[in-house]
Amino acid sequence: MSVRPIRQITQSRPTMEGAGVKLRRAFGFHNPEQYDPFLMLDDFRNDSPAGYAAGFPWHPHRGIETITYVLAGNVEHQDSLGNSGVIASGDIQWMTSGRGILHQEMPHGDDLGRVHGFQLWANLPASQKMSDPRYQDVGSKDVPVVTEDDGTSARILCGEFWGQRGPVQGIAADPIYLDITVPPGKQRHLPVETTRNAFAYVFAGSGSFRDASSPQPVLTEFGSADPVYDATNHSLILFDRGDEIVVRSGPEGIRFLLVSGKPLAEPIAWYGPIVMNTQDEIRQAITELNNGTFIRR
């Protein structure tokens, strides 16, 4: 087994989206080839309704998939095709925008006013960018959880891991999307197929990720060249190629997303929530938005 080298560790950055929702962006809009087939990861986490109540009013998507995973509170959604519903704590919604959809998402806090979740964007290959929009809505009870003897657990949202398969199916990039918890003071080797791009995002506790054996020093924004990289809340770890990652949890344990996918290696033309392969396709989408033909029934 070969441990994946660590390309870099960064911290998600505070930003604002929608009508004024305060969140943190782990990555997005820069160097998409490093995360291919993924485009963006946002961590929306707030204990005060003032930070999220305005929500994400009506906006378009084309050419991508948006994956919403809720941990606290809920997200009410509607779209231009007449769909509506609520994504509650532990639920996941995998929306394939395909040729185009307009939708809105409005977060609501739990009994203590807290809301927490993630939205991950995944690119669609050129052959599917103009496909029919579709949803895969999965309730928390339908997400398999595998717990090892040492207490390490994995919620498997999509893909196959530790002999279980997540409920989301039929995704072109064959992603694996996991919610991993490692108890205090434990070290785990976690497999990641070598041809995939992969990253981890820490959202609770702390720990360290081991670099490859005899590593070439990799300087991060923290200036460290040590072969063991400390990670805390909001840390994003981008891995290079290999077939496993090694993590050791800190005194409070560690919880993180572990996401990997097969690169599409296609050109990207990006205009906010519309991602196509060429600028001509972007211009066409904007024209359709302006003349009212964006939604094709």
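Student: Is glutamine 93 buried or exposed?
Tutor: In this predicted model, glutamine 93 is buried, because its relative accessible area is 1% and anything under 20% counts as buried.

Student: Which strand is glutamine 93 in?
Tutor: Glutamine 93 sits in strand S9, residues 92–96.

Student: What is glutamine 93 in contact with, leaving aside neighbours within four places in sequence?
Tutor: The contacts are Thr66, Ile67, Thr68, His77, Ile87, Tyr135, Gln136 and Asp137. With aspartate 137 there is also a polar contact between the side chains, at 3.2 Å.

Student: Which sheet has S9 in it, and what is the strand order?
Tutor: S9 is part of an open sheet of 7 strands, ordered S2-S3-S4-S11-S6-S9-S12, with antiparallel pairing. Strand S2 (13–17) and strand S12 (134–138) are the edge strands, and each of them pairs on one side only. Neighbouring strands of this sheet are turned against each other by 25 degrees on average, direction ignored.

Student: How many bridges are there between S6 and S11?
Tutor: Strand S6 (residues 64–72) and strand S11 (residues 115–123) pair over 8 bridges, in the antiparallel sense. As an example, isoleucine 64 has asparagine 123 of S11 as its bridge partner.

Student: What holds paired strands together in general?
Tutor: Strands of a sheet pair through backbone hydrogen bonds, in a parallel or an antiparallel way.

Student: Back to His77. What is the bridge partner of histidine 77 in S8?
Tutor: The partner is glycine 85. Strand S7 (residues 74–79) and S8 run antiparallel and are joined by 4 bridges.

Student: And what is the strand order in the open sheet of 4 strands?
Tutor: The order is S5-S10-S7-S8, with antiparallel pairing. Strand S5 (56–61) and strand S8 (84–87) are at the edges with a single partner strand each, so one side of each has no neighbour in the sheet. From one strand to the next, the twist averages 25 degrees.

Student: Switching to voids. How many cavities of 30 Å³ or more turn up in the whole structure?
Tutor: The search finds 1. The largest cavity holds about 30 Å³ of space.

Student: Which residues line the largest cavity?
Tutor: The lining is made of Val21, Lys22, Phe44, Arg45, Asn46, Tyr52, Phe56, Pro107 and Val115. Strand S3 (21–28) and strand S4 (38–46) each supply at least two residues of that lining, and S4 has the largest share, with 3 residues.

Student: How much space is in the largest pocket?
Tutor: About 330 Å³. The pocket is lined by 21 residues, and Glu17, Phe56, His59, Gln119 and Trp121 are the ones nearest its centre.

Student: Which strand gives the most to the lining of the largest pocket?
Tutor: S5 does, with 5 residues. At least two residues each come from S3, S4, S5, strand S10 (101–108) and S11.

Student: Last one. Where is threonine 195?
Tutor: Threonine 195 is in the loop between strand S18 (187–191) and strand S19 (197–210). It is partly exposed, with a relative accessible area of 44%.

Student: What does threonine 195 touch, not counting residues up to four places away in sequence?
Tutor: Threonine 195 touches Arg241 and Pro263. Its side chain also makes a polar contact of 2.4 Å with the side chain of glutamate 193. The C-alpha atoms of threonine 195 and glycine 261 are separated by 8.5 Å, with the two residues 66 apart along the chain.

Technical notes: Residues numbered from 1 in each chain as written. Predicted model: local features only at pLDDT ≥ 70, side-chain atom pairs only at ≥ 80, totals over all residues. Heavy atoms only, no water. Buried < 20%, exposed > 50% of the residue type's maximum accessible area, 1.4 Å probe, protein only. Contact = heavy atoms within 4.5 Å. Polar contact = N/O pair within 3.5 Å; in protein donor to acceptor, adjacent residues only side chain to side chain. Pairing = 2+ DSSP bridges. Axes fitted to C-alpha atoms, helices over the stretch in contact; angles between N-to-C directions. 1 Å grid on protein atoms, 1.4 Å probe; cavity = no way out; pocket = protein on both sides within 12 Å on 5 of 7 lines; lining within 4 Å. Points joined across faces, edges and corners; volume = space filled by probe spheres on them.
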